[in-house]
Each structure stands twice: as structure tokens, then as C-alpha cells.
Amino acid sequence: MKYLSEYRNAAVVKKLLTELQAIVTQPWMLMEICGGQTHSLVKNGILEMLPPEVTMVHGPGCPVCVTPASMIDKAVALAMRQEVVLCSFGDMVRVPGSRKSLQQARSEGGNLKIVYSPLDAVKLAQEHPEKEVIFFAVGFETTAPANALAVLQAAKQGLTNFSVLVSHVLVPPAMEAILSDRFNNINAFLGAGHVCTVMGLQEYYALAQKYRVPVVVTGFEPVDLLEGILLAVRQLETGRAAVENQYARVVRESGNEAAQAVIREVFEVADREWRGIGLIPQSGYRVREQYRQFDAEQKFGESAEVLFSETDTGCIAGEILRGLKKPAQCPHFGKACTPLYPLGAPMVSSEGACAAYFHFSQACEVTASPH
Amino acid sequence: MEKTFERFTLAHGSGGELTSQLLEDGVFKLLQNEYLQKRHDGAVFELSGRLAFTTDSYVVSPLFFPGGCIGDLAVNGTVNDLAMCGARPKFLSLSFILEEGFSKDEFHAILSAIREASATAGVLVVTGDTKVVERGKGDKIFINTSGIGQVHPQAQVDAGNIRPGDRILISGPVASHGMAIMSVREGLAFESQLQSDTAPVHEQVLALLDAFGSDIHFLRDPTRGGVATVLNEIARQTNLGMAITEQQIPLEGQVQSACEMLGLDPLYVANEGIFIAWVSEAVSVAALQQLQALSPPGQQAAIIGKVVTEHPGQVVLQTFIGGRRVVAMPSGEQLPRIC
């Protein structure tokens with residue numbers, strides 16, 4: 001397949017690995033921001049091909065993983081209302097809230113519909129004027145334009161029965177939270193390629209400079225990831241801390257300005273709670289006052305009652321998402337907590353660090369066995 | 001079928017006049033054969049030698065999809081389960097659970113597909129049943145078929161016969177059925193020419209058994225859960241390792257594109273017209289050539305890996321780029337990625 005097979009070329013991968021081997025002289029910890037990158041590193045078996053000096057730490061960029069239990073609780077409470085149809089991406093339905101997941105809510109009579117696009121939810125609202133259709137808008141800068149468009153579409157059609165439950169988060173504030181943590185041990189970042197496709201590179205220069213940390217915006221195929229790692233390690237080995245763009249075939253310096261305009265029209269930056277990390281100032285989006293009739297929280301009030309915090313389940317999502325602990329350091333990992341019976345969100349999505357590590361640790365056992 | 005009604009009512013399942021009319025004009029007319037002709041409570045027939053017996057229920061949404069419908073699946077699925085026992089399928093039972101309000105035209109189309117598929121597979125539907133449930137108590141139509149087949153005299157198909165060194169053979173490209181369904185599923189429809197691979201595979205299997213007999217150690221069709229699930233099941237059952245190579249797994253370009261677009265792993269996507277054979281190393285190349293010669297279904301057959309003593313109970317994939325990863329048992333349905 002064009003634009004795919006070239007980036008999965010074994011010979012190119014080997015060349016990049018040889019080059020990496022040649023320049024690395026000391027241990028480095030690199031964090032890949034995006035869950036899609038984590039998924040690809042594991043899926044392609046890249047982690048065990050890397051030189052032992054290079055350790056990859058899986059970052060917070062999994063939309064399912066960082067959505068706080070309190071938001072799930074709100075979604076559950078809304079789904080249980082008779083007039084509501086709650087629309088969600090499929091990944092979200094298994095994520096545990098403080099009391100139950102959306103999946104459990106559905107089995108108890110909650111009205112939940114899995115959609116693949118926010119515009120499907122708008123269509124549903126149009127077709128069912130007797131229902132209140134709420135779309136659970138989660139994700140990073142990547143999903144924000146489509147979710148904002150859904151609001152604009154609903155406004156254009158004059159729909160009064162459509163709203164969004166927003167739990168949008170932003171990458172740069174999360175990186176800053178990780179870097180300013182006194183236990184931080186991350187030496188460089190692989191920036192999230194698709195987030196930067198929307199937002200461009202500008203937001204990262206100040207971060208790289210302030211914390212003396214290389215940021216290499218990286219794609220998702222094996223050649224992309226290895227080139228991104230190579231560029232980051234080269235910076236580290238030569239004492240540089242710059243923003244580089246490995247994913248130049250997709251990411252432009254200024255990003256996608258049309259998409260940014262749509263986001264700005266509907267959303268404004270606000271404080272957001274992150275699962276396991278807590279409140280990060282100015283780290284997400286909320287619906288602007290002008291579109292408040294499409295904001296489910298404004299429309300239905302704070303109807304959810306949060307009973308206890310996620311840490312009560314024993315999930316250490318916060319430490320995992322900040323790269324402070326590896327999934328295998330969690331006492332529940334692979335025992336009480338598995339992809340089938342997750343205690344916390346990072347074990348749910350295929351892009352979650354724990355779910356990815358769940359497979360990787362099995363691969364480690366494999367490597368240790370005789371060939 | 002006479003155009004006497006548009007939609008099913010509970011009366012069609014009550015055993016009275018409407019049931020009789022439904023059977024005479026539909027099932028009996030379309031699927032007629034000497035056994036159904038008897039209008040008896042069951043079929044009486046003679047079969048000799050080792051027999052295989054299997055059953056399966058069919059629920060699929062949507063009922064009609066590119067390349068087939070629930071009717072094709074209900075025949076081919078059971079035929080293929082018999083084939084996986086090394087058997088030539090002979091007789092099927094056919095039971096419907098219909099939801100009140102289900103359209104007669106759709107039922108007729110499904111029956112026609114059943115007639116076509118059973119003629120293609122060379123099986124006879126010899127007994128059956130129809131029930132109608134209240135609206136909301138079913139989902140349009142559920143079908144159950146059971147099947148009886150005669151086992152090939154040389155067949156020794158048993159997971160216990162799988163040995164380290166056995167080659168893992170796949171009879172055609174993967175993931176076509178699941179992606180065809182996905183392309184027309186509500187809310188996800190995308191334009192494509194994807195087609196389900198639903199087809200009977202017993203002629204290919206019997207040809208392998210004719211030529212290689214007990215060197216065909218085991219057979220399994222990778223339906224629900226796809227190739228990854230089947231390989232994991234067999235790895236666990238035999239406590240041997242399955243080592244496969246990504247490069248060797250046949251996958252059609254369109255199917256790959258659809259999987260990439262949705263972020264799905266083709267190894268976990270359902271198939272309805274291919275099978276996996278564990279064959280002794282000695283005959284593996286000849287077996288592959290034989291499958292490939294049986295065009296068109298076998299042209300893309302491939303040896304995708306082998307059975308090893310390392311990593312017992314696990315499936316390990318060598319990736320395109322030479323890395324290795326465990327192919328785990330799936331935990332629930334694959335969902336398209338958020339971003």
C-alpha cells in the first residue's frame with residue numbers, strides 16, 4: 001500500500017537501528033506522547049529491537065485513559081435519564097467510573113449508543129426530535145475539530161435536542177505537568193503526530209527551551225518511530241534540546257489552520273481534571289458561552305454524584321500516565337487487572353500503556369525462552 | 001411463495017393454517033427433496049462409516065451484506081464445521097426463529113440464498129422448524145442449522161496429532177468477511193467493493209485428505225475472533241507454540257486499507273470461507289501447491305508459520321520489520337480507534 005509499505009520496510013528499519021546503536025552512549029528515557037505510537041511500538045515489536053540504553057515510557061496520550069472517573073459518572077447519570085440517548089465512541093464504554101462503566105449502565109437500562117463519528121450523533125438528534133441526544137466528546141486536539149464541527153452543524157440545523165458532554169484535553173499542559181514534576185525522569189519526547197497535524201509546532205518551542213528537552217514530532221509507522229527515536233537520541237547525545245518534525249509529510253509548522261479556527265469558534269481553554277493526575281490548569285477545552293445550549297453540563301446540570309475516587313480501586317493510573325511507574329510495577333498488573341477485567345482506564349484501550357504492556361510483558365517471557 | 005402476506009405474525013408460528021401455508025409455499029417449495037417430501041417429523045436415512053455431527057446458530061447484523069446474507073452463512077458455516085472434522089457434508093437441519101413483523105420478502109430472499117448455498121455445497125436440508133416470537137423478543141431472524149457428514153476414510157483430524165515442526169497452512173486471504181460486514185454496518189458504512197468470503201471449503205479439505213491423509217493433522221476455520229483466536233486456542237490446547245510471519249499472511253489490498261483506516265488488526269477479523277490446516281512438514285509444500293491449484297479459492301493459500309516448542313501456549317508473530325510480538329487472545333470485540 002502506498003505511503004504505508006515504505007514506512008514498514010525492514011531494510012530501512014535495520015539501517016535506522018544500526019545508526020541508533022552507533023550514536024547511543026548512555027541510558028536515555030524517551031516518552032512517546034500518543035497512545036497510537038505506544039500501540040505501534042508494541043504491535044510491530046519495536047521495543048525489544050531497541051538498544052538497551054533506550055527506554056520508552058508510555059505517555060498520557062490515550063483519550064480513553066485520561067478521561068476522569070467523574071466524567072464517566074456524569075455520562076452514566078445522563079445515560080440513565082429516560083429522555084436521553086448518550087452517544088459514545090466504543091472504547092469509552094468499558095472504562096470504569098467510580099461506580100460503574102457505561103457498559104454496566106446500559107445493562108441496567110441506560111440508553112447508550114456507540115457511534116463512530118460525532119456527526120452520526122447529530123443525525124440521530126435530527127431523526128429523533130423526541131430524544132435528547134448527547135455526544136460524549138473526549139480526546140485531544142485531534143478529535144476536537146470534528147466535535148466542534150458537530151456543534152456547528154447542530155447549530156446550523158437549529159437542533160435543540162443535541163448537546164456534547166465535553167472532556168477534551170490538551171497535550172502541551174500535560175507535558176508541562178510531567179516535566180515540572182520533581183520525580184520527572186523523561187529526557188526527551190516523541191511528540192504526537194496527529195495532534196500536531198491539527199495544532200502545528202509552535203506550542204512546543206517554549207517547552208523545549210524551558211525544560212531543555214528535545215521534542216521530536218513523530219508519526220506512527222515503524223520507520224517513523226525509529227527515525228523519531230534516532231533524532232531525539234541524537235539531540236540528547238549532542239546536548240541539544242530542539243523541536244524537530246519527523247512527520248513532515250503530514251505535519252506543517254502552523255498545523256491545520258481551518259481546523260484550529262473551528263476549535264476556537266466552539267471551544268475555549270479551561271482547567272481540566274485528568275484521570276489519576278488530577279486538575280491541570282488550562283489543560284482542556286470547554287464549550288464557549290455562545291454555544292452553551294449545546295453544552296450537556298450546562299443543559300442538564302451537575303447531576304452526577306461522585307462516590308469515591310479512582311484510587312480506591314487500586315489503580316495507579318496517575319503514576320503510569322506521568323511515566324513515574326511502569327505498568328509491571330503495579331501490584332494488580334496482570335493479576336487483578338487485565339484487559340478483560342480492567343481496574344483502571346490504562347488497561348482498557350488498545351492504546352493504553354497497561355494494555356500495551358500486558359502484551360509486551362508476555363513478549364518478554366518469550367524473548368527469555370530458548371530459540 | 002404466494003404474495004399472501006407482507007410480514008410475519010405470531011400466527012405463522014402457531015402450527016395452524018398459516019404455518020402450513022408458510023411451509024408449503026416457502027421452505028418445502030424452495031428446498032424440495034425426497035426427505036422433505038415425506039412431511040415427516042424427522043428425516044430417515046442411511047449413512048455408513050464414521051460420521052461427523054455439528055450445530056451452529058446464526059445471528060448477524062445486517063442480514064444482507066456484500067457477498068452474501070445470513071442464509072449463506074447458515075449453510076456454509078455448518079458445512080465448514082463438518083469439513084473441519086474431515087467430513088463430506090450430507091444433511092442439514094434448518095430452524096428459524098422469526099420476529100413478529102419480519103418481512104416476508106426478506107425471508108424469501110434468505111430462503112433462496114439457502115437453496116443456492118446448499119446446492120453449491122451438495123447438502124440436503126432434510127428437517128427443520130419455524131417459530132415466531134413477539135416483536136422485540138428477537139432480532140428479525142435467527143437461524144440454527146445442524147449438519148451430518150461422512151468422515152473421509154483417511155482423515156485423522158485431531159489437535160492431539162499436532163507436532164512441533166508442523167506447518168500452518170491458510171487456504172486464502174484473511175479478514176474479508178468481517179470487513180465486508182463492517183463496511184455496511186449502521187453508523188460505519190463506507191464505500192468499498194469489499195465482499196464477504198462466505199463459501200463452502202469442504203472440496204478443498206477433501207482434496208487435501210485424498211492426497212495426504214493422516215499428514216493433515218488438524219483443521220479449524222477462523223470464523224469469529226479470526227486467525228489470532230484460532231491459533232491461540234490451539235496453542236493453549238496443545239501447549240505448543242505457534243510461530244507465524246506477518247509477511248506470509250495473505251491479505252487483499254482493499255481489506256488491508258479498510259483495516260488500516262479503522263485501526264483494526266486483520267488477524268482478529270472474522271472469516272467465513274477459509275480454513276487453517278496443521279500439516280506435517282514433509283507434505284507442507286505439496287499441500288500448499290495442491291490448494292493453490294484449486295483455483296480460484298486457493299490461489300492465495302500460504303504457509304504462514306509453524307508449530308514450535310518455544311513459547312508453549314502462545315502465538316508469536318514475526319512482524320514486517322523483523323520484530324516479534326505476542327498475538328494475544330482477544331478480550332472482546334475489536335473497536336475502531338478514536339483517533
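Trainee: In which strand of chain B is the place of Ser146(B)?

Mentor: Bear in mind that this is a predicted model. The strand in question covers residues 141–151 of chain B. Ser146(B) falls within that range, and the strand is S6.

Trainee: Does Ser146(B) count as buried or exposed?

Mentor: The limit for the buried class is under 20% relative accessible area. Ser146(B) has 15% relative accessibility, so the residue counts as buried.

Trainee: With which side chain does the side chain of Ser146(B) make a polar contact?

Mentor: Leaving aside neighbours within four places in sequence, Ser146(B) is in contact with Phe53(B), Thr54(B), Thr55(B), Thr78(B), Phe91(B), Leu92(B) and Ser93(B). For one of these residues there is a polar contact between side chains, at 2.8 Å. The partner is Thr55(B).

Trainee: Which residues does Leu10(B) touch, not counting residues up to four places away in sequence?

Mentor: Leu10(B) is found in the segment before helix H1 (17–30) of chain B. Its relative accessible area is 37%, so it is classed as partly exposed. The residues it touches, with those up to four places away not counted, are Glu100(B), Val132(B), Val133(B) and Glu134(B).

Trainee: How many Å apart in space are Leu10(B) and Gly101(B), C-alpha to C-alpha?

Mentor: In sequence, Leu10(B) and Gly101(B) are 91 residues apart. In space, the C-alpha to C-alpha value is 8.7 Å.

Trainee: Which parts of chain A does the salt bridge of Arg234(A) and Glu19(A) tie together?

Mentor: The side chains of Arg234(A) and Glu19(A) meet at 2.8 Å, N to O. Arg234(A) lies in residues 222–237 and Glu19(A) in residues 10–23, so the pair ties together parts that are 215 residues apart in sequence. Those parts are helix H11 and helix H1.

Trainee: What is the relative accessibility of Glu19(A)?

Mentor: Arg234(A) counts as partly exposed, at 30% relative accessibility. Glu19(A) counts as partly exposed too, and its value is 30%.

Trainee: Where in chain A is Arg288(A), which pairs with Glu268(A)?

Mentor: Arg288(A) and Glu268(A) meet through their side chains in a salt bridge of 3.6 Å, N to O. Glu268(A) is in strand S10 (residues 267–274), and the two residues are 20 apart. Arg288(A) is in the loop between strand S11 (278–287) and helix H13 (296–300).

Trainee: How many residues apart in sequence are the parts tied together by Arg88(B) and Glu203(B)?

Mentor: Arg88(B) forms a salt bridge with Glu203(B), with the closest N and O atoms 3.2 Å apart. Arg88(B) lies in strand S4 (residues 87–99) and Glu203(B) in helix H6 (residues 202–212), so the separation of the parts in sequence is 115 residues.

Trainee: How many salt bridges are there over all chains?

Mentor: The cut-off here is a side-chain nitrogen of Lys or Arg within 4 Å of a carboxyl oxygen of Asp or Glu. By this rule the count over all chains is 21.

Trainee: How many charged residues does the lining of the largest cavity have?

Mentor: The largest cavity holds about 90 Å³ of space. Its lining includes Cys315(A), Phe333(A), Leu343(A), Gly344(A) and Met347(A). By class there are ten nonpolar and two polar residues, and the number of charged residues is none.

How values were computed
Residues numbered from 1 in each chain as written. Chains lettered and ligands numbered in written order. Predicted model: local features only at pLDDT ≥ 70, side-chain atom pairs only at ≥ 80, totals over all residues. Heavy atoms only, no water. 1 Å grid on protein atoms, 1.4 Å probe; cavity = no way out; pocket = protein on both sides within 12 Å on 5 of 7 lines; lining within 4 Å. Points joined across faces, edges and corners; volume = space filled by probe spheres on them. Nonpolar A, V, L, I, M, F, W, Y, C, P; charged D, E, K, R; others polar. Helix = DSSP H or I, 4+ residues; strand = E, 2+ residues; numbered from the N terminus. Buried < 20%, exposed > 50% of the residue type's maximum accessible area, 1.4 Å probe, protein only. Contact = heavy atoms within 4.5 Å. Polar contact = N/O pair within 3.5 Å; in protein donor to acceptor, adjacent residues only side chain to side chain.
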